[in-house]
Amino acid sequence: PAEGEGGRGGLQVVGFVKRGIQEQAFTSVTLELDGYEGEYLALPLCFHQFDSTEPRRYVACAHSNAPVLLQPTQIGHAELAAALAEVAAEHGEQKVLGGVVFVTTWKDEAGAVIMVENASPSAYMHVTIDCEGSTGILSSRNTLLCEDVLPPLTRMITMVLTFKAGATQVGYSIGMACAHGVAEAHMPPLDPESDPNSRMHAPMLLPPKRRALLEQERQGGGPAPRPP
């Protein structure tokens, strides 16, 4: 992710590697230099090791005719959630509930990311995501049934599903429903003191461009085009 919309001063995804079940994965990306300097973050999405405090290990190599600095950087849950949201919005499958709730599911061979967006400018929306019929699946919320009330014009990573290591049978069952809510609420609760990783599921404001795209679709303008 680079400077743009969505996280640490805003994030914009410029490249990613699909999650897989292999021991390693790699990609190459051409990074543009805007002016004399630019900053890019590499975010390892290692959800099998989500509860580990050990640093994620990977190799980064940069080729440039200008000075380049590569260094470890402490990444917060907000940056991770923003990056997941941007990739899900661009590559996931979208369903609309109640005319204002957009549920996006981004699947790959290692699992799925489920994102919920409330495009209403005024209403709180109560969204239920039910994956209890799934098999061989782990959830980043430690449960396969989540109920969340999102404030207006926000989105959240509802849960990340990952295949269990060594599972002989795996399969998705993703049910969803929505209703009007009164105030922000979450079940299971988002409690950073007992579960620091729950910060990844905190609601985020819709970035302006994404908000405009969803408003276009909400008003009947057809499917929102993918961002350039």
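In which sense do strand S7 and S9 pair, and over how many bridges? They pair in the antiparallel sense, over three bridges. Before going on, the source of all this: the model is predicted, so local features need pLDDT of at least 70 and side-chain atom pairs count only at pLDDT 80 or more, while totals for chains, interfaces and linings use all residues. Residues are numbered from 1 along each chain as its sequence is written, and side-chain values use heavy atoms, with hydrogens and water left out.

Some terms next. Helices (H or I, at least four residues) and strands (E, at least two) are DSSP runs, numbered from the N terminus. Two strands pair if DSSP finds at least two bridges between them. Buried means under 20% relative accessible area, exposed means over 50%, and partly exposed is in between, with a 1.4 Å probe and protein chains only.

Back to S9, which covers residues 154-163. Ten of its ten residues are buried. S7 is residues 137-139, and Ile 137 has Phe 163 in S9 as its bridge partner. S9 also pairs with strand S5, residues 111-118, again in the antiparallel sense, over eight bridges. There, Met 115 is opposite Ile 157 of S9. A further partner is strand S12, residues 204-205, which runs antiparallel to S9 and is joined to it by two bridges. In that pairing Arg 155 faces Met 204 of S12.

Now the helix H1, residues 77-91. Its 15 residues should span 21 Å at 1.5 Å a residue, and the end C-alpha atoms are 21 Å apart, so the two agree. The expected span here is 1.5 Å times one less than the number of residues. H1 is mostly covered, with eleven of its 15 residues buried. Among them are Glu 79, Leu 84, Glu 86 and Val 87.

On to salt bridges. The rule asks for a side-chain nitrogen of Lys or Arg within 4 Å of a carboxyl oxygen of Asp or Glu. By this rule there are five salt bridges. One of them joins Glu 117 and Arg 210, whose closest N and O atoms are 2.8 Å apart. Because Glu 117 lies in strand S5 and Arg 210 in helix H2 (residues 208-218), this pair ties together parts that are 93 residues apart in sequence. Both Glu 117 and Arg 210 are buried.

Arg 141 and Asp 148 also meet through their side chains, at 3.1 Å from N to O, and both are buried. Glu 215 and Arg 218 form another salt bridge, at 3.1 Å, N to O. These two lie in helix H2, three residues apart, about one turn of the helix. Glu 215 is partly exposed at 29% relative accessibility, and Arg 218 is partly exposed at 26%. Elsewhere, salt bridges that share partners join Glu 86, Glu 117, Arg 155 and Arg 210 into one network.
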